[in-house]
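This briefing is intended for a reader meeting the structure for the first time. Please keep the sequence and the model at hand while reading.

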Amino acid sequence: MASADKTYATGKRKLAICRAWGHSGSGQITVNGKSIESYFPRATHRAMITYPLEITNLLDKIDIKATILGGGTSGQAGALRHAISKVLVTMDPALREVVNKEGGQKGARRRFQFSKR
């Protein structure tokens, strides 16, 4: 990790906007003052949120404090995932390749080329 102090990033998905601060710690994630388990009761949302931390092996090494506004629960979970990914890349630019590889398509609407054969 390049920096030990707080790192800030903004994530967006649909109508949800998430502001997230990350710093080294024990892996605690708080959203709008609540734990991730109480704010996102669905296990699928929690799995989606923690995925960037899992693929970078930093799940129990970084604390995330986030505030989320707007959107529904799925949009908020996606915005938090986006913000966490951006926090990780800001903390350590070497993680950009790992996070981007899992991210999907090239642009916001660009799909991969279809091949019939």
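In this predicted model, a polar atom of the His82 side chain lies 3.1 Å from the backbone nitrogen of Lys12. A polar contact is a pair of N or O atoms within 3.5 Å; within protein, one must be able to donate a hydrogen and the other to accept it, and residues adjacent in sequence count only if both atoms are side-chain atoms.

Residues are numbered from 1 along each chain as its sequence is written. Local features need pLDDT of at least 70 and side-chain atom pairs count only at pLDDT 80 or more, while totals for chains, interfaces and linings use all residues; side-chain values use heavy atoms, with hydrogens and water left out.

**Surroundings of His82**

- His82 lies in helix H3; helices (H or I, at least four residues) and strands (E, at least two) are DSSP runs, numbered from the N terminus.
- Not counting residues up to four places away in sequence, His82 touches Thr10, Gly11 and Lys12, where contact means heavy atoms within 4.5 Å.
- The C-alpha atoms of His82 and Arg13 are separated by 7.9 Å, although these residues are 69 apart along the chain.
- With a relative accessibility of 35%, His82 is partly exposed; buried means under 20% relative accessible area, exposed over 50%, and partly exposed in between (1.4 Å probe, protein chains only).

- Lys12 has Ile17 in E2 as its bridge partner.
- E1 and E2 run antiparallel and are joined by seven bridges; two strands pair if DSSP finds at least two bridges between them.
- Two residues separate E1 from E2 in this hairpin, and Lys14 in the turn has a positive phi of about 55°.

- The open sheet has five strands in the order E1-E2-E5-E3-E4, with mixed pairing.
- Strands E1 (7-13) and E4 (34-35) stand at the edges with a single partner strand each, so one side of each has no neighbour in the sheet.
- Strands E3 (residues 29-31) and E5 (residues 62-69) run parallel and are joined by three bridges.
- Ile29 stands opposite Ile64 in E5.
- Helix H3 (residues 73-91) packs on the sheet, where it touches E1, E2 (16-24), E3 and E5, and its direction makes about 145° with that of E1; axes are lines fitted to C-alpha atoms, for helices over the stretch in contact, and angles run from 0 to 180 degrees between N-to-C directions.

**His45**

- His45 lies in helix H2 (residues 43-55) and is buried, at 7% relative accessible area.
- Beyond residues up to four places away in sequence, His45 touches Phe40, Thr73, Ser74 and Ala77.
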